Amino acid sequence: MTAEPIKRISIFNTSVTANTDIFSSDIIPLTVPSYLRIYVTFDTAGVLTLKRTNSGTTISENLVGEGTGGSLVENVPYIFDIITDDEETYNLQYSVNATLLKLIVLEIDRGI
Amino acid sequence: MVKYFTSRAFITDPKDVWNKETTIGLTEHAARVHAPPLVYDRRGNVIYWDDYESPNIKFYPEIKGSGIVQRVTGYIYSSPDGNSQNNVGIDWGSKFGNYSLMMKCSSGQYDYTSIYYVITDFHIGKLGAQFSFATREDGGYITLGFVYYDGDGEKWMGSVDYYLDTGMLKYLGEDSFYHNIATIPYFTGYSGEKIPYGTIKLVVDLSTKKYVRALFFGREIDLSTYDMYHSPFSGIPSLFIRFWIRPTDSVSRTVYVDNFVLTENEP
């Protein structure tokens, strides 16, 4: 069996508001466990945070840019893998107002 | 030329007008769909099947409340006291392959979680639908049904409703109410043990708007005297095959579904 990535979210050159959910509704994984592979580039430096919700409780996990003290560098693409679990939903927030140059979220049902 | 079978010669392949077996006979089909484990009841010609191994889920979820439908694998659990021999195992998993479809409904009185598949490629005749499911629940409702849709509404409906608490099986009558058929207790497992997958199958006759039979865990129930709920129809029909779960006792319920098979030309 081979992994089959499924496109879940795709955003191109769109403004985002600081500390506000980027997706209009949370991503509910089609398969658990699976990977949400996130490719993302902003035009402004900031901190990208994963919002993980389970049974009405949301926790935050900062997706850290390596060697930058936590912030992502502007105009640089980053890739993150999020491991999903039962009954969780997912969203993203950015710490500053910015233009989201590109974001694509793939759901991958098994390791590749 | 397509030739359809209504016989019980299950291992016979279709032959063309020159009496040659075609290349998509039952044998090849069986090999492709791993038929021996997949097709619990082999009557009828398979026109669609799904074992939920693909991450592209072909069934549409319809949920009232905060239920969820997801493909899942099993997971290893172990005893909290560290005594590995007492309580270690693989929970759920799937009937075959790596995945099953987990359906969870929320606890509200009228909440439900359902999946349905829509098909337009079928013949007006006897159709069968089967699911295998497993659950550790001691309550909740499971419903398997056909909905015949003509673009203007749900015109024919045939469904059976199974109550896990008591094992009561009901059918949807011509009067749009559910009526008792039989009591078929669901398997009761040992504590901590995986509950085995069991198969339910419903066969209806779209040409007469009557039920034909139901299979529940190996028991066959003759339903041929029962009429389906129906109303006048027009237009091009499509068929929804639907599987619901509903809560009881204000408790959310979880059911694992695997190996859906849709057949036509049922005897």
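Two strands pair if DSSP finds at least two bridges between them. Strands are DSSP runs of E, at least two residues in length, numbered from the N terminus. This is a predicted model, in which local features need pLDDT of at least 70, side-chain atom pairs count only at pLDDT 80 or more, and totals for chains, interfaces and linings use all residues. Residues are numbered from 1 along each chain as its sequence is written, and chains are lettered from A and ligands numbered from 1 in the order in which they are written.

**View 1. An open sheet in chain A.** Its 3 strands follow the order 5-4-7, with antiparallel pairing. Strand 5 (57-63) and strand 7 (88-94) of chain A each have a single partner strand, so one side of each is left without a neighbour in the sheet. Neighbouring strands are turned by 25 degrees against each other on average, direction ignored. The axes behind this angle are lines fitted to C-alpha atoms.

**View 2. Strands 4 and 7 of chain A.** Strand 4 (residues 48-54) is joined to strand 7 by 7 bridges, and the two run antiparallel. A:Lys51 has A:Asn91, in strand 7, as its bridge partner.

**View 3. Where chain A meets chain B.** Here 10 residues of chain A are in contact with 8 residues of chain B (contact: C-beta atoms, placed from the backbone, within 7 Å). On the chain A side, 6 residues are nonpolar, 1 is polar and 3 are charged. Nonpolar covers Ala, Val, Leu, Ile, Met, Phe, Trp, Tyr, Cys and Pro; charged covers Asp, Glu, Lys and Arg; the others, Gly among them, are polar. Strand 2 (residues 31-32) of chain A runs parallel to strand 3 (residues 68-72) of chain B, with 2 bridges joining them. A:Thr31 is bridged to B:Arg71.

**View 4. The largest nonpolar core.** Such a core is a set of buried Ala, Val, Leu, Ile, Met, Phe, Trp, Tyr and Cys residues joined through C-beta atoms within 7 Å. This one has 54 residues, and B:Met103, B:Phe133 and B:Ile245 are among those with the most contacts inside it. Strand 18 (residues 253-264) of chain B gives the most, with 6 residues. Another core, of 15 residues, lies apart from it and includes A:Leu36 and A:Val105.

**View 5. B:Gln130 and its surroundings.** B:Gln130 sits in strand 8 (residues 126-134) of chain B. B:Gln130 counts as buried because it has 24 C-beta neighbours inside 10 Å (buried: 20 or more other C-beta atoms within 10 Å of its own, all placed from the backbone). The C-alpha atoms of B:Gln130 and B:Asn259 are separated by 7.8 Å, with the two residues 129 apart along the chain.

Terms used. Contact = placed C-beta atoms within 7 Å. Helix = DSSP H or I, 4+ residues; strand = E, 2+ residues; numbered from the N terminus. Buried ≥ 20, exposed ≤ 12 C-beta atoms within 10 Å, placed from the backbone. Axes fitted to C-alpha atoms, helices over the stretch in contact; angles between N-to-C directions.
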